[in-house]
Amino acid sequence: MDTRLLRTFTTLARTGSFTATAAALHLAQSTVTVHIRTLERELATPLFDRLPTGTVLTDPGRRLLERAEDVLDAVARLRADPNVIAGRVTVGAPESLCSTRLPQVIGALRARHPEVEVRLSARGTAACVEGLLAGRLDLALLFEAEVCDVAAEPVGHEPLAFLSAPGHPLAGHPRRITWEELAAESFFLLEQGCSYSDELERRLRSVPGSRPRPTRFGSVDATRACVAAGLGLTLLPLATVREQLRHGDLVRLAGPPVPDVPVQLARHPRRWTSPAADAFAGLLRAAAP
């Protein structure tokens, strides 16, 4: 069987769109159609349901997908020279790690293996897991204690801190701030899917009689800016606010103890990992806090 047909099939399974598949593989859309029809004819079964909103795998298509990915991984493994570390590595991670921990890893990788290109994709846990399973990501970093559906290993942890503007009434509080006091404040948190932000919101809502007012952002910069302007509080990894704390734009609050957030390195549970991705993972482990 022509592996080009399998690559087209797996890409269409991920994208759900003939147009997106053609763009991803640099093919004409008509070629994608021919590839899928040829594969369906060879296997004597429909692999996709064509719907107005896109394509959906049939039951035979779902069974083929796992086998096709295994075949393509085997081909990639055979073609790869284990002594040559080169190629592209696509990594998903929370924005806070993309801007703090990963630049030094990429710099070390570039110094040792200049033929490796790293592409970072800032996204939350759910999007990272989906990207790994769909084959769009080679590796992902997750702020999670436990992860389902993917293979994961702990590679470090990040301390968290409650933060405010210097002029906030809770700044410089003479005693430890209680959950009841925090639940009365406005909070600026990272978007849904950020584990520590989700856990904080759950904790605030569990305070009897509380009516917390969290605002969610997809950007650490936006969160820091709103808090620095005195609009409310936040909870962020210390690594993302060291400069703001040093310059006095933000201050750390004596809030209730919160556990460090674990950092997990995740990958597809079955797919082969390239030498370039392995090199990235090794340097990440070495640099983990």
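The sections below cover the basis of the model, the chain as a whole and strand β7.

## Basis

This is a predicted model, in which local features need pLDDT of at least 70 and side-chain atom pairs count only at pLDDT 80 or more, while totals for chains, interfaces and linings use all residues. Residues are numbered from 1 along each chain as its sequence is written, and side-chain values use heavy atoms, with hydrogens and water left out.

## The chain

The chain contains 12 helices and 12 strands; these are DSSP runs numbered from the N terminus, with helices being H or I of at least four residues and strands E of at least two. Its C-alpha trace spans about 75 × 45 × 30 Å along the principal axes. Contacts are heavy atoms within 4.5 Å; of those between residues at least 6 apart in sequence, 72% join residues at least 24 apart.

Of the 289 residues, 44% are buried, meaning under 20% relative accessible area with a 1.4 Å probe, protein chains only. The accessible surface is about 14,500 Å², and carbon and sulfur atoms account for 52% of it (Shrake-Rupley method, 1.4 Å probe).

## Strand β7

Strand β7 covers residues 160–164, and because five of its five residues are buried, the rest of the structure largely encloses it. Leu160, Phe162 and Ser164 lie buried on one side, and Ala161 and Leu163 on the other.

Strands pair if DSSP finds at least two bridges between them. β7 pairs with β10 (residues 234–237) in the antiparallel sense over four bridges, with Phe162 opposite Leu235. Two bridges join β7 to β11 (residues 251–252), also antiparallel, and there Leu163 stands opposite Arg252.

Technical notes. Buried < 20%, exposed > 50% of the residue type's maximum accessible area, 1.4 Å probe, protein only.
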